[in-house]
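Visitor: Hi, I've never looked at this one before. Can you show me around?

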Amino acid sequence: MSLITLKDVGKIYVSEGNVSVGIRGVNLSFDKGEFVAVTGKSGSGKTTLLNILGGMDDATEGTILIDGKDISKLNAKERIKYRRNDIGFVFQFYNLVQNLTVEENIMLPVIMDGKKEKDYKERLDKILKIIGLEAK
């Protein structure tokens, strides 16, 4: 079974009576450990696709299975939990909280989940060392 499967996924945007197609009829599957690059012209749907996979936007049609879970059926609260616990997303532009430290920005999902920071301190230190930000 593939880790990620998209079946006939589409996204239509409607704004002030104008309709535009974000993506249409996307059928893809990716296996665990597979490395994939999403490329294309500006406006071709790359960001739309990634936002749907990341649970930040809804598809208007189709099915999105991630590790067997149909994320296209998640309600808003379940989608928040999915983004916080099941998927990692590296943004092109920094989406950091300005007045928080590097450590606090990384720990934010843990805190929002009601978990104790001290239980994750050792793991956080390892992550900061791996990415070369332990001094920050």
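**A quick tour**

Visitor: Let's start with D58. How accessible is it?
Guide: D58 counts as partly exposed, since its relative accessibility is 39%. Buried means under 20% relative accessible area and exposed over 50%, with partly exposed in between (1.4 Å probe, protein chains only).

Visitor: What kind of model is this?
Guide: It's a predicted model, where local features need pLDDT of at least 70 and side-chain atom pairs pLDDT 80 or more, while totals for chains, interfaces and linings use all residues. Residues are numbered from 1 along each chain as its sequence is written, and side-chain values use heavy atoms, leaving out hydrogens and water.

Visitor: Back to D58. Which side chain does it meet in a salt bridge?
Guide: That would be R79, with 2.0 Å from N to O. R79 belongs to helix α2 and D58 to the loop between α1 and β3, so this pair ties together parts 21 residues apart in sequence. A salt bridge here is a Lys or Arg side-chain nitrogen within 4 Å of an Asp or Glu carboxyl oxygen.

Visitor: And is R79 buried or exposed?
Guide: R79 is buried, because its relative accessible area is 12%.

Visitor: What does R79 touch, apart from its neighbours within four places in sequence?
Guide: Its contacts (heavy atoms within 4.5 Å) are G55, M56, D57, D58 and L74. So D58 turns up among the contacts of R79 as well as being its salt-bridge partner, which follows from the 4 Å cut-off.

Visitor: How many salt bridges are there?
Guide: The count comes to 6.

Visitor: Tell me about another. Which residue does D86 pair with?
Guide: D86 forms a salt bridge with K69, and their closest N and O atoms are 3.0 Å apart. D86 sits in the loop between α2 and α3 and K69 in strand β4, so here the parts tied together are 17 residues apart in sequence. D86 is partly exposed at 46%, and K69 is partly exposed too, at 38%.

Visitor: What about D125, which residue is its partner?
Guide: D125 has a salt bridge with K121, with 3.1 Å between the closest N and O atoms. The two are about one helical turn from each other, because they lie 4 residues apart in helix α4. D125 has a relative accessible area of 35%, which makes it partly exposed, and K121 is partly exposed at 35%. Salt bridges with shared partners also link E103, K121 and D125 into one network.

Visitor: Changing topic: what order do the strands come in?
Guide: There are 4 strands in an open sheet, in the order β2-β1-β3-β4, with antiparallel pairing. The edges are β2 and β4 (69-70), each of which pairs on one side only. Strands are DSSP runs of E with at least two residues, helices are runs of H or I with at least four, and both are numbered from the N terminus. Pairing takes at least two DSSP bridges between the strands.

Visitor: How many bridges do β1 and β2 have?
Guide: They pair over 9 bridges, in the antiparallel sense. For K11, the bridge partner in β2 is I23.

Visitor: Last stop, α3. Which of its residues are buried?
Guide: In α3 (residues 102-112) they're N105, M107 and V110. Among the things covering them is α4 (121-130). Just after α3 you'll find G114, which takes a positive phi of about 75 degrees.
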